[in-house]
Amino acid sequence: MKKVSTKVIILVALALLVYEGTKVLLWLIDNKIPNFEGTAELFVYPEMSVDEVLVQIDTQLVIKHQASLERTFKKKQVAEYMQPGHYVIEDGATSVYVARMLNNCWQTPVNLVLSGTLRKKNEIARKIAGQMMVDSASVIAAMRDQKFLSKYGFDTVNVFSLLMPDTYQMYWTATVEEIFDRQKEAYDAFWTEDRLKKAKAQGLTQKEVSILASIVKGETNYEPEMPKIAGVYLNRLRKGMKLQADPTIAFCYDYNVNRIYRRNLSYDSPYNTYKYAGLPPGPIYVPTKACLDAVLNPEGGKNLYFCADPSFNGSHRFAATYSEHLKNARAFQRALDQRKRAK
């Protein structure tokens, strides 16, 4: 057998060195070297393909080494193990980190914002579904499910009391139950010992506070006046007067009326506070914390009436007597007539 020449040995050694060196270099590129410039926000739905995720990544940031990303995804079997979720790829991330993030469900929380006008179950369901992975049908089904709500101490009539408008950080993939669990946590956190004492001092239960607060919410979004409006309704309750709250009439018509007329006041419903005395059976809006605190800390002395201010600035004029109230109402009507004529 001929001896292998020194030259061949050197060539083989060099080839092995290049091969091993290439492996090390590729490992470094995949595992240690930043592969992205910019930030990408990914929403991975169930049954979404790896190619669809790669498109999301490619359209949002600069990929320095496309081959590295594809190679790592294949090696880590992302197509098989990828989990649904909301993910954020930050500037400087490596290919292997992104692959592991998707496989291990290293999610970044999203903000679930409950705010604005919350007065219909279907609208609330759409608002939640628009921010989370859950669909609106499952949310509204939960709001109509007596058994589901009973474990939180609520039912389909007073479910609005359970909801607490705020901003919540949650995983995008949270279930309907997890979303309602978070609402119950917020509800319990709101009802401190001090607030419970204040409710008792007003002669109201927690749920009655929510009902009255929902009427306050229906009357105004101007927080400085909320305690005075709450004071008016509390004064009426104590005197045995009907609340005569226009927002409850709007609720009877599922908020499909733009203005309340005298003919609307005869609508037969326990929510019609012109027809029936006391509080309606449940809240007509989802009350905000400001509305709840307004009921717990009312102002207004002996006021029994209020009407819109003729300046149309969103505030109200308050009165302790009906004659005074009529003067305020006439002033507003004159201003309204003048505005109509000006048009």
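Predicted model: local features only at pLDDT ≥ 70, side-chain atom pairs only at ≥ 80, totals over all residues.
Gln244 sits in the loop that links helix H13 (226–239) to helix H14 (246–252). Check the backbone here: phi of Gln244 is near 50°, a positive value in a residue that is not glycine. Most residues other than glycine have a negative phi.

Move on to Asp254, in the loop between H14 and helix H15 (289–296). Asp254 is not a glycine either, and its phi is positive, at about 55°. With 41% relative accessibility, Asp254 counts as partly exposed.

Next, display helix H2 (residues 50–60) together with helix H3 (residues 66–75). Their axes lie 12 Å apart and the packing angle is about 150°, which makes H2 roughly antiparallel to H3. The crossing of the two helices is right-handed. To see the contact, select Val50, Leu54, Ile57 and Asp58 in H2, then Gln66, Leu69 and Phe73 in H3. By class, this contact of H2 with H3 comprises five nonpolar residues, one polar and one charged.

Now go to the largest nonpolar core, which has 62 residues. Ile128, Met132 and Phe180 are the residues with the most contacts inside this core. Apart from it lies another core, of 22 residues, including Ile63, Phe73, Ala93 and Leu102.

Leaving out residues up to four places away in sequence, Phe180 touches Ala142, Met143, Phe148, Leu149, Tyr152, Val159, Leu162 and Leu163.

Terms used:
Residues numbered from 1 in each chain as written. Heavy atoms only, no water. Core = buried A, V, L, I, M, F, W, Y, C linked by side-chain atoms within 4.5 Å. Buried < 20%, exposed > 50% of the residue type's maximum accessible area, 1.4 Å probe, protein only. Contact = heavy atoms within 4.5 Å. Axes fitted to C-alpha atoms, helices over the stretch in contact; angles between N-to-C directions. Helix = DSSP H or I, 4+ residues; strand = E, 2+ residues; numbered from the N terminus. Parallel < 35°, antiparallel > 145°, perpendicular 65-115°, else oblique. Left-handed = near helix turned anticlockwise from the far one by under 90°. Nonpolar A, V, L, I, M, F, W, Y, C, P; charged D, E, K, R; others polar.
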